[in-house]
Amino acid sequence: MAASHSADAGFVRFEAVEKTYDGINLVVKSLNLSIGRGEFLTMLGPSGSGKTTTLMMLAGFESATSGEIYLDGERINNIPPHKRGLGMVFQNYALFPHMSIAENIAFPLQVRHLGKAEIAERVRKALDMVQMSGLDARKPAQLSGGQQQRIALARALVFEPKLLLMDEPLGALDKQLREHMQYEIKHLHERLGITIVYVTHDQSEALTMSDRIAVFNDGIIQQLAAPADLYEKPDNSFVAQFIGENNRIAGRVVSITNGKARIDAKGGTFDALAVKCTAGQSTSVSIRPERVSIDPVQADIVFDARIEEVIYLGDHIRIRVSVLGSDEFVVKTPNQNNQRKFNSGDTLRIGWAVEDGRALDA
Ligand code: ADP
Ligand code: MG
């Protein structure tokens, strides 16, 4: 059966896909990406990095300049959007204003010529799924932004698409509602088991919802990994900077032994994991602020830092220090009772483990 082969190869596959709009600049460059059936895959990256273009090629609204796109084992490059069987939710994919909520949700089913009774039943279920039962007679303008977005979601799911595409669907909502909807979509995905390809520039949104995240920059996937791996084990400086808060120490790689790099930085020498660096070349060592301990008893690496700024954040304290040629080095420390006072200008002894420093591209 063709389906078993395609499941092994990936439910969605991009093979060497490239896209140019003007015939000169590639906005998507030799993209290879395989998405599993039932997976929640997020494309995350800054504005202009090629996320929407990639999604539009999958949806069929843009054509690939070169390369192949497969869905469930079938090459879909030349299949028009409405024949790809996809559900879609976009930030400004507006509901039809003159139709009621029920009519909006029924629309994809009417286009597919389903019977009246079946349409009514499916609309009821879809409303139930997004917890909007009882509002079917209202017009979109009578709903809040979050409610409208839920209806858009119900409309995308009502015909049971094999793949759901979402492009910044929560971008217009305020923070609280956005976070609430993130959990709703995540739970809906867990319940329905459908495949979702989601686009966002918001890293915490991506970390909250995704099975895997493809980090885009400049039309290239910089890293494809599960949320925890992206945060704990960034492959390069772009990912380390883009996901979470990060300290960078500029230095030169003196030598590499057994996967450890000896780093020469301004004001000190220390070891770090040799992740992406070359002996004799410059490097940027990435260290997460919460991995740095203050007054360390046991730490591989210890330096005296000068306190530049102290910020109280309730559950933790952020201390910005000068160390190893950086005056932007941040230490996050939990706020505990009777904690000592930190004052600007004081010397603070800080330390971390060799494994918590990652020597990356400069
Ligand atoms: P993202 O969704 O990550 O913000 P896009 O895929 O929208 O990125 O854009 C990638 C690049 O392609 C950008 O430089 C953008 O200006 C350009 N671009 C996007 N859509 C078009 C278009 N229809 N015509 C010409 N250039 C486009
Ligand atoms: Mg976009």
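Analyst: Strands E13 (residues 268-274) and E20 (residues 358-361) run parallel and are joined by two bridges. Two strands pair if DSSP finds at least two bridges between them. Strands are DSSP runs of E with at least two residues, helices are runs of H or I with at least four, and both are numbered from the N terminus. Leu273 stands opposite Arg358 in E20.

A note on the source: this is a predicted model, where local features need pLDDT of at least 70, side-chain atom pairs count only at pLDDT 80 or more, and totals for chains, interfaces and linings use all residues. Residues are numbered from 1 along each chain as its sequence is written, chains are lettered from A and ligands numbered from 1 in the order in which they are written, and side-chain values use heavy atoms, with hydrogens and water left out.

Now step back to the sheet. E13 and E20 belong to a closed barrel of five strands, E11-E12-E13-E20-E14, with mixed pairing. Its neighbouring strands are turned by 55 degrees against each other on average, direction ignored. Axes here are lines fitted to C-alpha atoms, for helices over the stretch in contact, and angles run from 0 to 180 degrees between N-to-C directions.

E19 (residues 347-352) has antiparallel partners. Two bridges join E19 to strand E15 (residues 293-294). In that pair, Ile294 faces Ile350. Strand E16 (residues 301-312) is also antiparallel to E19, with six bridges. There, Arg306 stands opposite Thr347.

Next, the helices. H5 (145-157) is among the elements covering the buried residues of H3, as is H4 (116-129). Buried means under 20% relative accessible area, exposed over 50%, and partly exposed in between, with a 1.4 Å probe and protein chains only. In H3 (residues 101-111) the buried residues are Ile101, Asn104, Ile105, Ala106, Pro108 and Leu109. After H3 comes His113, with a positive phi near 60 degrees.

H5 also packs with H6 (residues 175-192), at an angle of about 20 degrees, with axes 11 Å apart. The two are therefore roughly parallel, a label for angles under 35 degrees. Within H5, Gly146, Arg150, Leu153 and Leu157 make contact, and their H6 partners include Leu177, His180 and Met181. Contact means heavy atoms within 4.5 Å. The residues of this contact of H5 with H6 divide into seven nonpolar, two polar and two charged. Nonpolar covers Ala, Val, Leu, Ile, Met, Phe, Trp, Tyr, Cys and Pro; charged covers Asp, Glu, Lys and Arg; the others, Gly among them, are polar.

Conventions:
Parallel < 35°, antiparallel > 145°, perpendicular 65-115°, else oblique.
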